[in-house]
Amino acid sequence: MTCTVVVGGFYGDEGKGHIVSYLAVKDKPPITVRGGVGPNAGHKVVFQGRTYGLRMVPCGFVNPNSRLLIGPGVLVNPKVLLEEIRLTETENRIGIDKQCAIIEERHIEEEKKDTHLTTKIGTTKTGVGICQAERAHRKAKLAKEIPEISRYITDVPLEVNTAISRKEAVLVEGTQGTYISLYHGTYPFCTTKDVCASAICSDVGIGPTAVDDVVVVFKAFVTRVGEGPLENQLPTEELERRGWLEFGTVTSRPRRAAPFDFKLAKRAVMLNGATQAAVTKLDIMYTDCKGVRNFEKLSEVAKKFIREIETETGIPVTLIGTGPSVEETIDRRRP
Ligand code: GTP
Ligand code: MG
């Protein structure tokens, strides 16, 4: 059994929700734990015909036997959290670390008034940036002070490390992406902290020696929401023609897009210490790949594209998305 960390290799929205939910169903980890920034990330999960847009509850919820944890590094909006717990019916298996910082309504109001954040940077208006700054000033409230969520409070690092020491599988879910990291991304067009694999580990309280695998998720083309550079960006009409036009899960804003960027992918593998890659949306690039579950059944051009990613990045592409749902996944990992 292994401790696997899943992170984004581009600008977020690579489809980590798809990959994490697939791994949760397939590998049956007793624990899925979420790191990352907070409810500014939206993961979409499509499972057994139902679609969920999650901002707080880990995507591993699709496995009914997985305990769901949110690490102390994550900012929690109690209102969003409680609504998602209700929607996913996970009240009996979710745990929030006592040290998660709390986003309050006033953080959201303040962010909306901050034109630097909303206009220049293009933030999600979820209060995350303001709350993170307050946390750095040691003024933000912590989860253990909030009565509405008191029944969910736990010691996440202790639970996670206990499972690892018992050799149980732990699935660690990252959010956002390498190039919107505060340290490694396109500053100032980035999020409020680092979001690479080592930061995600820190968010949930595990040390680097505890990790067996890092899966970096790439989309078959690059998308970016909000402001900031995007090399080889295509015009909207071209995106519509190619079927690449997407809308943000949190903001509903159209996502900008460009062809797959091998240079960024290679650097993302380096920055995250990735051991494997996942590539989502292959069916959007090559429509004849829709729903394929066996690598050999992909078209020759699709196989060539995947092999090129492997050659350029130096790591194997072990998971491939061929449709939005958990079931539409090719798994090339060794059994
Ligand atoms: P962040 O944590 O916000 O970075 O998001 P994310 O990486 O979880 O990705 P998000 O769900 O925001 O965006 C990915 C989009 O692609 C969603 O609409 C998914 O349903 C969709 N998607 C994921 N994998 C596939 C795939 O293999 N094929 C197709 N057609 N759609 C996919
Ligand atoms: Mg997203």
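A residue counts as exposed when its relative accessible area is over 50%, and as buried when that value is under 20%, with partly exposed in between. Arg-86, at 53% relative accessibility, therefore makes it into the exposed group. Keep those cut-offs handy as you look around this predicted model.

**The magnesium ion**
- Two protein donors hold on to the magnesium ion (ligand 2): Asp-13 (OD) and Gly-42 (O), at 2.0 to 2.1 Å from it.
- These two come from distant parts of the chain, 29 residues apart. Asp-13 sits in the loop between β1 (3-8) and α1 (16-27), while Gly-42 sits in the loop between β2 (31-34) and β3 (43-47).
- Asp-13 is partly exposed, at 22% relative accessible area, but Gly-42 is buried, at 15%.

**Helix α2, a helix with two sides**
- Along α2 (residues 78-88), the buried residues are Pro-78, Val-80, Leu-81, Glu-84, Ile-85 and Thr-88.
- Look down the axis of α2 and its buried residues fall within an arc of 160°, so they line one face of the helix.
- What covers those buried residues includes three strands: β4 (50-54), β5 (67-70) and β6 (94-97).
- Over on the other side of α2, you'll find Lys-79 and Arg-86 exposed.
- Check out the start of the helix too: a side-chain oxygen of Asn-77 comes within 3.0 Å of the backbone nitrogen of Lys-79.

**Salt bridges inside helices**
- The whole structure has 22 salt bridges.
- One of them joins Arg-86 to Glu-83, with the closest N and O atoms 2.7 Å apart. The two residues are three apart in helix α2, so about one helical turn separates them. Glu-83 is partly exposed, at 40% relative accessible area.
- Helix α8 (residues 236-242) holds both Glu-238 and Arg-242, four residues apart, or about one turn. Their closest N and O atoms are 2.6 Å apart in a salt bridge. Glu-238 is buried at 18%, and Arg-242 is partly exposed at 33%.

**A salt bridge between strands, and a network**
- Lys-219 pairs with Glu-246, with the closest N and O atoms 2.7 Å apart. This pair links distant parts of the chain: Lys-219 is in strand β9 (residues 213-219) and Glu-246 is in strand β11 (residues 246-247), 27 residues apart.
- Both Lys-219 and Glu-246 are buried.
- A network of salt bridges links Asp-13, Lys-219, Glu-246, Arg-255 and Lys-281. Asp-13 is also one of the magnesium donors.

Terms used
Residues are numbered from 1 along each chain as its sequence is written. Chains are lettered from A and ligands numbered from 1 in the order in which they are written. This is a predicted model: local features need pLDDT of at least 70, side-chain atom pairs count only at pLDDT 80 or more; totals for chains, interfaces and linings use all residues. Side-chain values use heavy atoms; hydrogens and water are left out. Donors are N, O and S atoms within 2.8 Å of the metal (3.2 Å for Na, K and Ca); water is not among the atoms, so sites may look incomplete. Buried means under 20% relative accessible area, exposed over 50%, partly exposed in between (1.4 Å probe, protein chains only). The arc is that of the directions from the helix axis to the C-beta atoms. Contact means heavy atoms within 4.5 Å. A polar contact is a pair of N or O atoms within 3.5 Å; within protein, one must be able to donate a hydrogen and the other to accept it, and residues adjacent in sequence count only if both atoms are side-chain atoms. A salt bridge is a side-chain nitrogen of Lys or Arg within 4 Å of a carboxyl oxygen of Asp or Glu.
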